[in-house]
Amino acid sequence: MIPSCDPAAEAVFRRVRADNALEVTVERLMCAIRLGVVPAGGRFPAERDLSSRLGVSRVTLREAIQHLRRRGHVESRRGRGGGTFVAEPPPRPTPDEARRGLGGTGAALDDLLAFRRTLETGAVVRLAETGLTADQHDLLDRRVGVAAGAGPADYRRCDTVFHITLAQLTGSERTTAAVTEARMRINQLMDVAPLTEDALAASDGEHRRIVRAVRARDPEAARLALGGHLAGVERRLRELLG
């Protein structure tokens, strides 16, 4: 079961619009897989719970799951302990495969990176301007701590949770949804490059600088800290895919 307090799960498993429910449900389930909300080998929430959280009928949910099953992303198991499970991940994609996947979305790499930077910069500047409660600061500190304790296999999910939490603390559901979608696209591309211990340590330090700037109510320091954090990823992706 996915914890209800997981911000990535909350962002992914929010209610679906009724006008294109099947298409959006498929996308949300894929988002849960790509963000690591439900990891490889992990089980999705029970059908009744998931359909309630998404606000779709169980018929629509079953159709969406069947769509992902045909594409090899999930598998269904019967009996005790059964349910819908994420298939084991394929080998790490090559740069050519990542470029083709990005091209299939109709987005250019520079456009996607600029979109993400604009969204996330706006979020941290907003938080530094408005300030946070003591409980909210404690939450950010916990997110940083969890990421710092994660190994390469789980780091990307924990990093994603940190960034989505920043968006959620703005109080804007639209911002949270947009950051979640952008992060899903970025994660697909980042899978090309393996994580190293040095990269994880650098990322942890950058997370702390972002939180310190927000805590100090310094929008310019928050902007610079977030920009420095994103710059390394942007540079690496351009080297690999540009």
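Predicted model: local features only at pLDDT ≥ 70, side-chain atom pairs only at ≥ 80, totals over all residues.
Start with helix α6, residues 109–130. Its 22 residues, at 1.5 Å each, should span 32 Å. The end C-alpha atoms are 32 Å apart, so the helix agrees with that expectation. After α6 comes Gly-131, with a positive phi near 80°.

Now look at Arg-117. This residue is partly exposed, because its relative accessible area is 27%. Arg-117 forms a salt bridge with Glu-234, and the closest N and O atoms are 2.8 Å apart. Glu-234 lies in helix α11 and Arg-117 in helix α6, so the pair ties together parts 117 residues apart in sequence. Glu-234 counts as buried, since its relative accessibility is 11%.

Stay in helix α11, residues 219–241, where Ala-231 also sits. The C-alpha atoms of Ala-231 and Arg-117 are separated by 9.2 Å, though the two are 114 residues apart along the chain. Ala-231 is partly exposed, at 27% relative accessibility.

The whole structure holds 13 salt bridges. One of them joins Arg-215 and Asp-141, with 2.7 Å between the closest N and O atoms. Arg-215 belongs to helix α10 and Asp-141 to helix α7, so this pair links parts 74 residues apart in sequence. Both are partly exposed: Arg-215 at 40%, Asp-141 at 35%.

Another salt bridge stays inside one helix. Glu-220 and Arg-223 meet at 2.5 Å, N to O. They are three residues apart in α11, so about one helical turn separates them.

Note on methods:
Residues numbered from 1 in each chain as written. Heavy atoms only, no water. Helix = DSSP H or I, 4+ residues; strand = E, 2+ residues; numbered from the N terminus. Buried < 20%, exposed > 50% of the residue type's maximum accessible area, 1.4 Å probe, protein only. Expected span 1.5 Å × (residues − 1). Salt bridge = Lys/Arg side-chain N within 4 Å of Asp/Glu carboxyl O.
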